[in-house]
Amino acid sequence: MSKNEHPRSATIAVMGATGSGKSSFVNLASQANHKVGHGLRSCTSDIAVAGPFELDGSSVTLIDTPGFDDTTQTDTDILNLIATFLAEQYQRGHILNGIIYFHRISDVKVGGISARNLRMFQKLCGEATLKNVVIVTTMWDRIGLEDGELRERELATDDAFFKPMLDNNARMERHHRTLESAHGIVCQLINNQPLAMQIQEEIADQKLDILQTSAGEDLNKEILEQAAKHAEERRAREAAIRAEIAAREEIARKAAEAELRRIREEDERKKREAERQAEEARAEAQRKEVEYILELLRIEEARRREEERLEEERRLLEETIREINREIERIMEEETARLKRELMSLREKENNSPPCSIQ
Ligand SMILES: Nc1nc2c(ncn2[C@@H]2O[C@H](COP(=O)(O)OP(=O)(O)OP(=O)(O)O)[C@@H](O)[C@H]2O)c(=O)[nH]1
Ligand SMILES: [Mg+2]
């Protein structure tokens with residue numbers, strides 16, 4: 001298909017959140033004659049092209065895309081993938097006849113992920129393309145009809161959801177998982193005047209980088225907000241960790257101080273014990289020294305008494321010797337006297353006796 005040739009060709013892109021039923025729809029709508037093919041280019045294998053298949057006199061090609069909440073790729077990767085693909089298609093003259101945006105009517109809360117997908121979708125499309133957009137709700141079999149209709153009304157009238165798109169001529173349809181239902185939806189788009197999406201013009205005509213496009217800026221803003229949120233969370237976590245570390249350090253410091261106190265007290269106790277033992281040893285040494293001195297004094301006294309006793313004995317002995325000598329002298333004097341007397345008596349006798357020579 002190109003801008004000016006083959007008016008009965010139609011290319012329709014399929015977008016929406018993961019699990020909203022895009023691939024099922026594409027397979028169902030194209031199954032009669034065509035199977036879903038994967039990847040126009042090896043590096044963009046997450047975009048799959050199905051068809052072309054014949055419908056209502058047109059040769060229809062459906063382009064299946066991943067949602068912006070893909071679990072395996074970042075939103076930036078997916079935007080790059082979709083934007084690059086669409087820009088290349090546009091540069092080759094392939095313009096979309098329509099875009100189907102899928103939404104699960106069974107979602108109880110239409111929160112963060114759905115809202116982000118929707119916002120990105122609107123930024124990719126731009127307001128002018130919305131008249132070629134059909135919002136398709138799926139999973140009607142998972143919800144009661146009344147609840148479904150209530151939610152459908154809420155979605156259609158809420159400024160945060162589909163109301164702005166519907167106000168710009170987008171349409172809203174239910175898909176009931178039948179071939180007729182799928183083809184009925186496709187049929188609403190195949191005769192549309194092809195319109196370039198905002199992202200295609202931004203990249204191919206205005207030569208903007210992907211991140212400078214409306215979708216890119218939005219994503220960038222969200223990434224920056226996320227980064228700021230993560231930075232704030234990280235700061236809070238770091239502060240909590242720092243507080244935890246400080247608390248643990250305080251506990252450790254107190255424990256260390258208590259241990260230090262215990263060691264000092266133990267040292268002090270040991271020191272006192274050593275001093276007490278040294279004091280006891282000193283007292284014992286003094287006691288032994290006194291005993292030794294007393295013993296010396298006792299020995300000296302005994303020696304002195306022994307000397308006195310020996311002196312007395314010597315004195316008595318000398319006295320005895322002197323007495324003996326005196327006795328000997330007396331005896332000798334007596335003996336001498338006796339001998340003298342005897343001699344005199346003998347002399348007298350001789351004198352009285354006849355004379356004889358005495359020699
Ligand atoms: N009950 C019910 N299940 C559906 C319906 N449409 C799709 N499913 C199921 O929902 C699941 C997701 O469907 P997919 O077609 O893979 O959804 P998708 O949007 O292509 O998902 P991604 O490829 O992950 O982006 C599959 O198990 C489908 O069989 C529906 O209308 N009703
Ligand atoms: Mg899919």
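Angles under 35 degrees count as roughly parallel, over 145 as roughly antiparallel, 65 to 115 as roughly perpendicular and the rest as oblique. With that in hand, helix 2 and helix 8 come out as roughly antiparallel, while helix 1 sits roughly perpendicular to helix 6. What you have here is a predicted model, where local features need pLDDT of at least 70, side-chain atom pairs count only at pLDDT 80 or more, and totals for chains, interfaces and linings use all residues. Residues are numbered from 1 along each chain as its sequence is written, and chains are lettered from A and ligands numbered from 1 in the order in which they are written.

**Overall build**

- The protein has eight helices and seven strands; these are DSSP runs numbered from the N terminus, with helices being H or I of at least four residues and strands E of at least two.
- The radius of gyration is 67 Å, well over the 21 Å that the globule rule gives for 359 residues, so the protein is more spread out than a compact globule. That radius is taken over C-alpha atoms, and the rule is 2.2 Å times the number of residues to the power 0.38.
- Along its principal axes, the C-alpha trace spans about 225 × 45 × 40 Å.
- Buried residues make up 26% of the 359. Buried is when 20 or more other C-beta atoms lie within 10 Å of a residue's own, exposed is 12 or fewer, and partly exposed is in between, with C-beta atoms placed from the backbone.
- Of the contacts with a separation of 6 or more, 73% come from residues 24 or more positions apart; two residues are in contact if their C-beta atoms, placed from the backbone, lie within 7 Å.

**Around ligand 1**

- The shell around ligand 1 holds 15 residues, and the closest are Thr18, Gly21, Lys22, Ser23 and Ser24. To be near the ligand, a residue needs its C-beta atom, placed from the backbone, within 6 Å of it.
- Helix 1 (residues 22-30) gives the most to this shell, with three residues.
- By class, the shell has two nonpolar, nine polar and four charged residues. Ala, Val, Leu, Ile, Met, Phe, Trp, Tyr, Cys and Pro count as nonpolar, Asp, Glu, Lys and Arg as charged, and the others, Gly among them, as polar.

**Helix 1 against helix 6**

- Helix 1 packs on helix 6 (residues 179-190) at an angle of about 95°, with the axes 9 Å apart. Axes are lines fitted to C-alpha atoms, for helices over the stretch in contact, and angles run from 0 to 180 degrees between N-to-C directions.
- From helix 1, Phe25, Leu28 and Ala29 meet Leu179, Ala182, His183 and Val186 of helix 6.
- That contact has six nonpolar, one polar and no charged residues.

**Helix 2 and its two partners**

- Helix 2 (residues 75-91) and helix 8 (residues 214-352) pack at about 175°, and their axes are 11 Å apart.
- Helix 2 brings Asp75, Thr76, Leu79 and Ala83 to this contact, and helix 8 brings Ala215, Gly216, Leu219 and Ile223.
- Against helix 7, the axis of helix 2 comes within 9 Å and crosses at roughly 70°, so the two helices are roughly perpendicular.
- Leu81 and Asp46 are 35 residues apart in sequence and 8.1 Å apart in space, C-alpha to C-alpha.

- In helix 7 (residues 198-205), Gln198, Ile199, Gln200, Glu202 and Ile203 are buried.
- Most residues other than glycine have a negative phi.
- Lys207 has a positive phi, near 55°, and is found in the loop between helix 7 and helix 8. Lys207 counts as exposed, with 8 C-beta neighbours inside 10 Å.
- Asn169 has a positive phi too, near 80°, in the loop between helix 5 (163-167) and strand 7 (171-174). Asn169 is partly exposed, with 13 other C-beta atoms within 10 Å.

- Leu155 is found in helix 4 (residues 145-157) and is buried, with 22 other C-beta atoms within 10 Å.
- Leu155 and Arg272 are 117 residues apart in sequence and 87 Å apart in space, C-alpha to C-alpha.
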